[in-house]
Amino acid sequence: MDLGQINPLLLLASLMVAATPILLAAIGEAVVEKSGVLNLGVEGMMITGAVVGFAIGVNTGSPAVGFVAAAAAGAALSMLFGVLVLYLMSNQVATGLGLTLFGLGLSSLIGKPYEGMKAPSMAKWDIPVLSDIPVLGPILFRHDPMVYVSLIIVAVTWYVLTRTRAGLILRGVGENHDAAHALGYKVIRVRLLAIAFGGACAGLGGAYVSLVRVPQWVEGMTAGAGWIALAIVVFASWRPWRVLLGAYLFGGITVLQLNLQAAGAAIPVEILAMSPYIVTILVLVVISLRGNHGAPGSLGRIFHATH
Amino acid sequence: MIHLEKRPQPSQFWAGFTPILAVIATMIAGGFMFWMLGKPPLEAIRTIFWDPLFHETFGPYSRPQLLVKAAPLILIAIGLSLGFRAGIWNIGAEGQYIIGAICGAGVGLAFYPSESVLIFPAMVLAGALGGWIWAMIPGLLKVKFGTNEILVSLMLVYVAENLLASVSQGLLKNPEGMGFPGSRNFRDFPAAYNAELISGTGMHWGVAAAFVAVIFAYVLLTRHMLGFQVRLTGEAPRAARFAGVNPSRLILFCLGTSGALAGLAGLFEVSGPSGQVTIDFNSGYGFTAIIVAFLGRLHPIGILLAGLLMALTYIGGELAQLMLGLPAAAIQMFQGMLMFFLLAMDVLSHYRIRFNKTVPA
């Protein structure tokens, strides 16, 4: 093995790219869970976003249009979940699982004709002046626009959740839906909006995998990223900036194991490939040792207004 | 103005009727989907649900397949249903299935080419043990540290898939396989082969085990203290705690049982219908079994029927692929739809629909 082959600058730069899909999905799910709904369908919405984004991107030749379509597809699929969970009061865990199974089937149905095609390339931004800074420039300021969009989404989410009235209402609904309802807030409407936001973010994350990171359509290509996003929300104690930290740590591990594989490390490929999942389990264990602080009070509970 | 009124108790009638309604709704929605794909809807539905059983030429081939495909689904779903009833979510059955298959097959292959009658029982034990251990990981983490069992059990599926890839190209690879990945074929190893018990019926040891599991689960849930505790924990967790139910013991029992059953299903599959350990011998039974468990209303008899129905959609789906060129993914979506309709219609068993003209102030 030649560790010298691994360029730390490139490693750090690709870390941001590797982390972006999970970051997008996780920040969306954090908002959904803050409103008191547990949507286990992230993986299904991500893979649907991946295939829709890719298909539209290929057909229009514009990745940007692809991303918009992916967000719309993710949000549309999440509305299926929203209606079932909020209006028909189905079990959230079971419905989320159903959404994932459905999304996996839907995506491979849509994606069949697109197998083996190449995604339209997305221009990287060379942010003037900043990208010329030695060391930091190539790491931070020479990425495609979606990397920065994801960071903006995190910042806006943090601001809205902690600094605005709308965020306060959303957190109130998630903490205690009966009290929020008694105060006159529309629990169902708030949650439906949160679910749609989560779906759109998951769709964007999925499209980032198929349009930028790979960039190709392969069946089942998100490979558990949606589930890892769910784990990162727990890791982050439902806080936006910690979601960013978690996603980047995770991106780092992914990139490192890929680089070790490429460098021909003495460790078998399969062991390296399973490492992100094992690390996720270890992180979950460490987090649970500390207790689940910050979990919204009404998370996963069914809301039924009698009056 | 329509509103929903919570029933004091879930309706028995609707509990039994909603799965049937959901199947009908899925057929209609599925027919619509097939029509959108440019396939004749009625013919597609008939090919999936009728032809595998009653078609003159295909029937004799596909009827035995019904038991072959239903057995692992039922075996896994029975285990899952125990946990689901108690609010313990093992969604990593696919991983336990793979590990059970690897362990069981590994024990068998280690003794190649022995002809001892003890080999197959030893493989069965190893398979169950493998699945049990794999499920004990989320179980123990949940009990010791309170770690979320949903995420851990699912992460372990990906770990198991990578292990499978590793052993089928390394440890368990057929030494006489001319470099091809995959283990020795159990068809050439009679002492370890899970052959048909009655030829031409599809009935192998796994099918027998599935029936035993159904009976066992039925007795457990209706006649045994542990089954009562499972039901109580699901329906009234607070009451269960006051009644002295030990939650840790229940978590380990539910996860362990479902893991062992999934491991068994994996072993019976790998040593019989699939025949060898290959990188993709697992065909997602662990995930489809979740739908089976819900379609069967988490009830052993219901799961038996749901498993047979789901097996029918697999076989019918393959037939429709062959006859009508229906994409394989359409069947997967069809199964996902079934789950949605089921969950949507569940509202009828828990709530009453009330129509009133005056809008409450």
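How many of the five residues of strand 1 of chain B are buried? I looked this up before anything else. The number is zero, so strand 1 lies largely in the open. I call a residue buried if 20 or more other C-beta atoms lie within 10 Å of its own, exposed if 12 or fewer, and partly exposed in between, with C-beta atoms placed from the backbone.

Notes on the source. The model is predicted, so I kept its limits in mind: local features need pLDDT of at least 70, side-chain atom pairs count only at pLDDT 80 or more, and totals for chains, interfaces and linings use all residues. Residues are numbered from 1 along each chain as its sequence is written, while chains are lettered from A and ligands numbered from 1 in the order in which they are written.

Entry: the strands of chain B. I took helices (H or I, at least four residues) and strands (E, at least two) as DSSP runs numbered from the N terminus. Strand 1 covers residues 2-6 of chain B, and five bridges join it to strand 2 of chain B in an antiparallel arrangement. Two strands pair if DSSP finds at least two bridges between them. I looked up two positions along this pair. B:Ile2 has B:Phe355 as its bridge partner in strand 2 of chain B, and B:His3 stands opposite B:Arg354.

Entry: chain B as a whole. I counted 15 helices and two strands in chain B. The radius of gyration, taken over C-alpha atoms, is compared with a globule rule of 2.2 Å times the number of residues to the power 0.38. For 361 residues a compact globule would have a value near 21 Å, and the 22 Å of chain B agrees. The C-alpha trace of chain B spans about 80 × 55 × 35 Å along its principal axes. Buried residues are 52% of the 361 in chain B. I count two residues as in contact if their C-beta atoms, placed from the backbone, lie within 7 Å. Among the contacts in chain B with a separation of 6 or more, 78% join residues 24 or more positions apart.

Entry: where the chains touch. I found 36 residues of chain B in contact with 38 residues of chain A. On the side of chain B that touches chain A, the elements giving two or more residues are helix 6 (119-145), helix 7 (149-169), helix 12 (285-295) and helix 14 (328-345). By class, that side of chain B has 27 nonpolar, seven polar and two charged residues. Here Ala, Val, Leu, Ile, Met, Phe, Trp, Tyr, Cys and Pro count as nonpolar, Asp, Glu, Lys and Arg as charged, and the others, Gly among them, as polar.

Entry: chain A as a whole. I found 12 helices and zero strands in chain A. The radius of gyration of chain A is 19 Å, close to the 19 Å from the globule rule for 307 residues, so chain A is as compact as a globular protein of that length. Its C-alpha atoms fill a box of roughly 65 × 45 × 40 Å along the principal axes. In chain A, 51% of the 307 residues are buried. Of the contacts in chain A with a separation of 6 or more, 79% are between residues 24 or more positions apart.

Entry: Helix 1 (residues 8-34) has 27 residues and reaches 36 Å from its first C-alpha to its last, close to the expected 39 Å. The expected span is 1.5 Å times one less than the number of residues. I noted a bend of about 40° at A:Thr20 in helix 1, with A:Pro21 following within four residues. The bend is the angle between axes fitted to the seven residues ending there and the seven starting there. Helix 1 of chain A is mostly covered, 20 of its 27 residues being buried. A:Gly36 follows helix 1 and has a positive phi, near 95°. Helix 4 of chain A (residues 92-111) has 20 residues that should span 28 Å, and its end C-alpha atoms are 28 Å apart, which agrees. Helix 4 of chain A is mostly covered too, with 17 of its 20 residues buried.

Entry: Most residues other than glycine have a negative phi. A:Met89 has a positive phi of about 50° and is in the loop between helix 3 (63-87) and helix 4 of chain A. With 18 C-beta neighbours inside 10 Å, A:Met89 counts as partly exposed. A:Trp238 has a phi near 65° and is in the loop between helix 10 (225-235) and helix 11 (240-262) of chain A. A:Trp238 is buried, with 23 other C-beta atoms within 10 Å.
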